[in-house]
Amino acid sequence: MRIELTLILVHLISDTTRTLSEYVGIVGKSVALECNTSLWGDSIVSLILWYKGSQGIPIYSVDSRTSTLTLSKHTSIDQRFYLNPSTLPPKLVIDPIRENDEGDYRCRVDYKNDRTQHYSTKLSVIVPPKEMVILSNQGKILDGITGPYDEGSSFVATCETHGGKPLPMLSWWSGGHLVDADFSYGVDGRVRNPFRMSSLSRRDFMREIECKASTANHTVLLKRTIFLDMRLKPLKVNLIKPEKPFISGQKAELECLTFGSKPRARLKWWKNGREYIHAIERLNTDTNFTISRLTLPVTTEDNGKYISCRSDNPDIHGSVIEDGFKLVVHYLPQLTINLGANIKRDSIKEGGDVYLECSVKANPRVDEILWTFENEPLRTNKSAGIIASNQSLVLQRVKRNHRGHYRCLARNQLGQSTSDPFFLRVKYPPRCQMNQKTVYATARNELVNITCAMDADPVDLQFRWRMNASSASAEIDSFQSNGSSSVAFYMARSRYGFGIMSCSASNEIGPSIDNCNFSINPAGPPEKVSNCITTNHSMTSIHIECLAGDQNGLKQSFHLEVYNSFTHTLERNISNPIKPTFMISDLNSGTSYSLSVYSSNAKGPSLSYTLVAATLGEPERQMSPETIDQVTFSSTFIILIATVIFLVCISIILILAIRHRKEIHNRRYKQQQQQQQQQIQKSHSAKDQDQSCVSTSNSTCDHHHNQDDDGFDTVKSKTTSDALNIENAVFEMKNRPIKTFPQGGKSDYIFCHPQENHRYQITLNIPRDQLLPLMDGDVTQATPV
């Protein structure tokens, strides 16, 4: 009967037992074994039992059969065991762990209304080593701060443990990084790991080094930490130079600073290889800085001697570092400019290369050498052929603009010096000077002086003048020269005497490359303005614009005279030096004005262009949009509108008449062109009469008609044919000579038209004593008389 019950119990236990879990614990630490049941609650559990191995007696029990689980009764065979039933899953805590705690554990849970459950687990116990030591290379135990070690030396230590189950792995760590994991097992359960650091640096000062004993799963069982103390060399020594230079006869205050040494550095002064002991040393206790000061009387003999400051750590061999400089006696630079070898000062000419050297004598040495040209900084400009390189100045393919005064400047600690000016003479052939007068306006038979200025070296020039007219080219012999300038005297005796006059010169270097060219133009009063129109009429202003006529070789200005059409009084006189455009303001409203526009130059005024314009009248009253249909026009406004319409109609009639007359002249031109020579002969015979008529053909004339105050037609000739015909007639008349002056003295001669049998008073654009030869534009006006 007992056998059957036992079998049934074993069967039930095997059915309700959970999977086995494994735990690892370390002796001296704690471990929590879980009872991972599927059902858990304060009122459903009646009994919890923990067993170790095959023992039938539980090592820990929780009895809640007569109470809740929170108020249950706990029973333990060892005070190191404790169970907290309020956690899920419930855990059996063993604290601390002992080596004999290793084994299998089973958890049994009885429920009030459910069947019993079992949960099995296994605990493995690790035994740490008994001790860990770090030994120096001499077998001394190292702990905490160890050393000091000299900078540059080596550090050797061995980590060793004894005992442990299983035997641990030993490794070295620094700064959280693994640096050595090469260990070995010895006899009697000893484990060793030697560690070496070669050539210690100042980065290793107070470095933390750890030796760790750990399991295969990197669980640290034991560790030991040491810190490296070191003796350090001086990191730097600095001999501070004073801001002011050393001058002979004065005392130099020197200061030397060193830092980075541990313990503090020692400072010594040396001059020219011998120790100098007259120094004051002080220590900055806040840092590892050491400062030493030296007062040194400086003499001229000290120039070039080496002064130095040496720093070392007496405890470290070979730790000496040094800083120093040579003593100098200062004076300002002495500078001299010389030409390069094989260059003669008087043989430099345009196109050659020039080398200048700045000789410098200075103590201390100069910081920089600069060049100036005519007191302006001179810098390297390879495209211009200038290469300034410290003491040397190279001028490639020198030109005339390189001629001038050069200086070199140098600066040292005492100040700046400048050399005496060096004048570089560059000989070059003549070249035309800029900004001289190149346009001359003159009348025929009028003497004009033309000045030609050349730029050259040497300035003793030989000049040549030449006139290039439209018909011929000839040398000019009438001129005077003085050094680099020459004045030619010229008179245009015919219409072909105008053109381009050129001036050339030469010196010992050669002839001028480019000639100076001067335009000789015929001069006269400007032509009459044309196409004048008025725009932007208002009650008080009128704007007028015209087209300028030919200025006939001289600069012209424009003028406007404003006359009141009713009172004939002059109300405005306006000038414009640029263009024939005028703005007339402050006029009376509703008033008609006569506008007279003309131009003028040095030879006199042109003919006037007259037109009539009127300002707008003032409105009689203000009107609103509601009363616009009640508008009535004043009589003044109606008269103004009628006047404008009348003037427009008159203008249209005049334009049509001018066009018609032009067509008649064009037809006459075709008929009279074949008879031109006969007309000239007739004009010659006609001039023999007492009327002193000048005969010409107007076959090629382009006539512009205006109405004079006397009612005469004014005919203005422009073409060459008219000028030639009139010239021939006037030539005959002048040879006789016959001069007829009409009343009023407006002109010198009377011109008789052979076809129309009319006499005209002609006005010539030349002086009376220079009538021949006539050119196009000389005959400017013909008025019937």
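Biologist: Is Ile-650 buried, partly exposed or exposed?

Modeller: Ile-650 counts as partly exposed, because its relative accessibility is 33%. Bear in mind that this is a predicted model.

Biologist: Where is Ile-650 found?

Modeller: Ile-650 sits in helix H2, which covers residues 635–672.

Biologist: Which residues form the nonpolar patch on the surface?

Modeller: The patch consists of Val-612, Phe-646, Leu-647, Ile-650, Ile-653, Leu-654 and Ile-658. Together they have about 640 Å² of accessible area.

Biologist: How many of the patch residues come from helix H2?

Modeller: Six, and that is the largest share of the patch.

Biologist: What does Cys-649 count as, buried or partly exposed?

Modeller: Cys-649 counts as partly exposed, because its relative accessibility is 39%.

Biologist: Changing topic. How many disulfides does the structure hold?

Modeller: There are seven disulfides in the structure.

Biologist: Take Cys-358 and Cys-408. How far apart are their sulfur atoms?

Modeller: The sulfur atoms of Cys-358 and Cys-408 are 2.1 Å apart, and the two cysteines form a disulfide. Cys-358 lies in strand S28 (residues 354–363) and Cys-408 in strand S33 (residues 404–412), so to speak of the chain, this pair links distant parts of it, 50 residues apart.

Biologist: Is that disulfide of Cys-358 and Cys-408 right-handed or left-handed, and why?

Modeller: The disulfide is right-handed, because the torsion about the S-S bond is about 65°.

Biologist: And Cys-358, buried or exposed?

Modeller: Cys-358 is buried, because its relative accessible area is 1%.

Biologist: Which cysteine does a disulfide join to Cys-452?

Modeller: Cys-452 is joined to Cys-503, with an S to S distance of 2.2 Å. This pair also links distant parts of the chain, 51 residues apart: Cys-452 is in strand S38 (residues 447–457) and Cys-503 in strand S43 (residues 499–506).

Biologist: Is the link of Cys-452 and Cys-503 left-handed or right-handed?

Modeller: That link is left-handed, with -85° about the S-S bond.

Biologist: Is Cys-452 buried or exposed?

Modeller: Cys-452 is buried at a relative accessible area of 0%, and Cys-503 is buried with a value of 0% as well.

Biologist: What about Cys-532 and Cys-546, how far apart are the sulfur atoms?

Modeller: They are 2.0 Å apart, and Cys-532 and Cys-546 form a disulfide. Cys-532 belongs to strand S45 (residues 530–535) and Cys-546 to strand S46 (residues 542–547), with 14 residues from one to the other. The link is right-handed, with 115° about the S-S bond. Both Cys-532 and Cys-546 are buried.

Biologist: On to the strands. How many bridges join S21 to S25?

Modeller: Six bridges join strand S21 (residues 266–271) to strand S25 (residues 306–312), and the two run antiparallel.

Biologist: Which residue in S25 stands opposite Lys-271?

Modeller: Ile-307 stands opposite Lys-271.

Biologist: How many bridges join S21 to S22?

Modeller: Three bridges join S21 to strand S22 (residues 274–276), and these strands run antiparallel. In that pairing, Trp-270 stands opposite Glu-275 of S22.

Biologist: Which residue takes a positive phi in the hairpin of S21 and S22?

Modeller: Asn-272 does, with a phi near 55°. The hairpin has two residues between the strands.

Methods. Residues are numbered from 1 along each chain as its sequence is written. This is a predicted model: local features need pLDDT of at least 70, side-chain atom pairs count only at pLDDT 80 or more; totals for chains, interfaces and linings use all residues. Side-chain values use heavy atoms; hydrogens and water are left out. Patches are made of residues with over 30% relative accessible area and no salt bridge: like charges are joined within 9 Å, nonpolar side chains (Val, Leu, Ile, Met, Phe, Trp, Tyr) within 5 Å. Accessible areas come from the Shrake-Rupley method with a 1.4 Å probe; for residues, only the protein chains shown count as cover. A salt bridge is a side-chain nitrogen of Lys or Arg within 4 Å of a carboxyl oxygen of Asp or Glu. Helices (H or I, at least four residues) and strands (E, at least two) are DSSP runs, numbered from the N terminus. Buried means under 20% relative accessible area, exposed over 50%, partly exposed in between (1.4 Å probe, protein chains only). A disulfide is a pair of cysteine sulfur atoms within 2.5 Å. Two strands pair if DSSP finds at least two bridges between them.
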